[in-house]
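Open the model in your viewer and keep the selection tool ready. We will go stop by stop.

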Amino acid sequence: MHPEIRREGPGTCPICGMALEPEEPSLDDAPNPELIDFTRRFWVSAVLAVPLLIVTMGSELLGLHLVSANVSPWLQLALTAPIVLWAGWPFFVRGWTSIVTHKLNMFTLIAIGVGAAFLYSLVATLAPGLFPSAFRMHGMVPVYYEAAGVVVALVLLGQVLELRARAATGKAIRALLNLAPKTARRINDDGSEGDIPVSELVVGDRLRVRPGEAIPVDGIVTEGRSSVDESMLTGEPLTIAKQADDTVTGGTVNGTGSLVMEAQAVGADTMLARIVRMVAEAQRSRAPIQAVADRISGWFVPLVIGIALLSFAVWSLVGPEPRTGHALLNAIAVLIIACPCALGLATPMSIMVATGRGAHAGVLIKHAEALQAFEKVDTLVIDKTGTLTEGKPKLVGIETIGGMDENEFLALVAAVEARSEHPLAHAIVTAARERGLELREPDDFVVQVGLGVSAKVSGRMVVIGNAAQMQRVDVDADPLAAAAESKRREGAGVMLVEIDGKLAGLVAVADPIRDNARTSIEALRKQGLRVIMLTGDNPTTAQVVADAVGGLDGVHAELKPQDKARVVGELKASGAKVAMAGDGINDAPALAAADVGLAMGTGTDVAIESAGITLTKGDLAAVVRARALAKATMRNIRQNLFFSFLFNGIGVPVAAGVLYPVSGILMSPMFAGMAMALSSFTVVMNALRLNRAELR
């Protein structure tokens, strides 16, 4: 509940009294020490509480006097003392700490309530003569050992159930850690191969990944072809084709082919390690709504103590005989049922479960505040390249004139572009290699900045570029003007080609629109979001993409990084709650300026660091899942807070005895303990429902 608290080794929080969680994720699946200890204490208390109940309830409710009236208090003391003084001892330690540190919490109420019942009964057993006649019933001072003993057992049961449920939230991290293989097959310099621990790998190691094996670390494929199951990253059960020069991520699973890869990130630098750290940090973070519970808890405990004292006073003055006994039991019931553990658990439990659920759906939450803010967003600003489009340009068209063979034409163009660093050049080279064309080494390669490139290939002069490039070399591009304009209207970039002084043809390269872009835009709109595109591309291409996905609520083109941040600022100034999704360094300023930044996991480290949520698959379907997760989480938190207030709002007055004048109903401390445990258990189980939430 209080992630700001840090200490060496296991212990309890000095603010709320709850057990601290390990800061570093671990593969250790053993239950935490507190769960083991509390389970043992619970079973001991349960074994002793059963005969304690039989002795007390048998005589009070059924008239079965199993032991004499003189012996009964001593037998009850013998059964209750181990429960209170040993099994319940941690509650007294935490309660005392809360009083000393002025941080009143649930254990303050438990310690006061149980302690009062036990001490009163102990004095009544050891020195009954100290009590006046007003305290006596049938000539004896009544004792309330069963209230103290059974309440301790019930509180311990609630703690055990709660600790087990909290442990379940750690399964998400352990499942991620288990994805990483323990060994890798390294290819040595002499060509020999051997398995070594993954912890011994270094950047640059060559590794063989056999069919069906998990990829050990992040790297790049150098040999082979296969398909890889990247559901760990994307949350979608689709395999991705991999070949030379493609990147692979540690923890993903190789398909039926064999791959040779070069390690590029190992140990704590791998994507999987970063995901685990991000999930762990998010589970410890606080949503702003938690402040509401904190403020309420701050005055709630003193208020409850005041209500308990008032209840004691009223029952002592006007209650039925024995007045003091009724006053004591009702005051204890108020203290027990009002324990604010459910209120304190309402937010952190939901956050812990949601971040684990998100990790398996490809939605990594950097901090809980981002989840709460994303639920309130009404405007989504997106980049074009890599978000609406695949971010991997492809050759989409070739036009030749003069009877030139298409493959010969492409081989010459690709040979020149192989020397270029332009992203579109890579698409042309890739297409030529996919056709199996031989790319000869060019000579006299020159870049004409802003125009294109030129080089000699096997003695033939090849010039590639835009219309201005053709004008530079005095070539008339009119024969291809109509074809070029047609390709541009389809959203493609066009490069004209001159060979040996004559116009030879054109190549068209486009960044394909993602298959699920249109359906994702529709889903986001159904969730009440406006969708606006910000791109550095030209207006024609931007509008073509916007039309292809079914239209957007706004298109801003030819923007520089500072322009994107400016547009986000203008939207916020107009009252919009803005989320920005992007993947490049140029998106980082806008990601930081938005109310919530969504970094596509395919993007740069700068973008990821600037964002509150990282989507491990860079498409809008992941945004849909993130939005659904945010709404489900906040709805779950509000449900938990409602349950907490409902239990306390109804339970405290009933425990104080407001129904007695009307119906004669009183709540014993035992039932108060059961209700308190049930409220915590209800909150925990409701939070765990997020593991089954539909994210779409």
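Which residues point one way from S21, and which the other way? Keep that in mind while you load the chain, which is a predicted model.

**Stop 1: strand S21**

Select residues 596-600, which form strand S21. Show the side chains. Val-596, Leu-598 and Met-600 point one way, while Gly-597 and Ala-599 point the other way. In a regular strand, side chains alternate between the two faces of the sheet.

Strand S20, residues 578-582, runs parallel to S21 and is joined to it by 4 bridges. Pick Met-580 and you will find Gly-597 of S21 opposite. Next, select strand S22, residues 613-615. S22 also pairs with S21 in the parallel sense, over 3 bridges. Here Ala-599 stands opposite Thr-614 of S22.

**Stop 2: helix H3**

Select residues 89-100 for helix H3. Pick Trp-89 and Phe-92, which sit 3 residues apart in this helix, about one turn. Their rings form a tilted aromatic pair, 6.2 Å centre to centre with 40° between the planes. Trp-89 has a relative accessible area of 46%, so it counts as partly exposed.

Move along H3 to Ile-99. Its relative accessible area is 38%, so Ile-99 is partly exposed. Together with Ile-99 they make a nonpolar surface patch of about 390 Å².

**Stop 3: helix H4**

Select residues 106-126, helix H4, and pick Tyr-120 within it. Is Tyr-120 buried or exposed? Its relative accessibility is 12%, below the 20% cut-off, so Tyr-120 counts as buried. Then pick Leu-328, which is 208 residues away along the chain.

**Stop 4: rings and charges**

How many aromatic pairs does the model hold? The count comes to 6. One of them, Trp-89 with Phe-92, you have already visited; its form is tilted. Another is Phe-642 with Phe-643, also tilted, at 6.2 Å centre to centre and 55° between the planes. Phe-643 has a relative accessible area of 26%, so it is partly exposed.

Finish with two arginines. Select Arg-41 and Trp-86: the arginine lies over the face of the ring, 4.8 Å from its centre. Then select Arg-627 and Phe-374. Arg-627 lies over the face of Phe-374, at 6.0 Å from the ring centre.

How values were computed. Residues numbered from 1 in each chain as written. Predicted model: local features only at pLDDT ≥ 70, side-chain atom pairs only at ≥ 80, totals over all residues. Heavy atoms only, no water. Patch = residues over 30% accessible without salt bridge, like charges linked within 9 Å, V, L, I, M, F, W, Y side chains within 5 Å. Areas by Shrake-Rupley, 256 points an atom, 1.4 Å probe, with all protein chains shown as cover. Salt bridge = Lys/Arg side-chain N within 4 Å of Asp/Glu carboxyl O. Helix = DSSP H or I, 4+ residues; strand = E, 2+ residues; numbered from the N terminus. Buried < 20%, exposed > 50% of the residue type's maximum accessible area, 1.4 Å probe, protein only. Pairing = 2+ DSSP bridges. Phe/Tyr/Trp six-rings, centres within 6.5 Å; stacked < 30°, edge-to-face > 60°. Lys NZ or Arg CZ within 6 Å of the ring centre and 35° of its normal.
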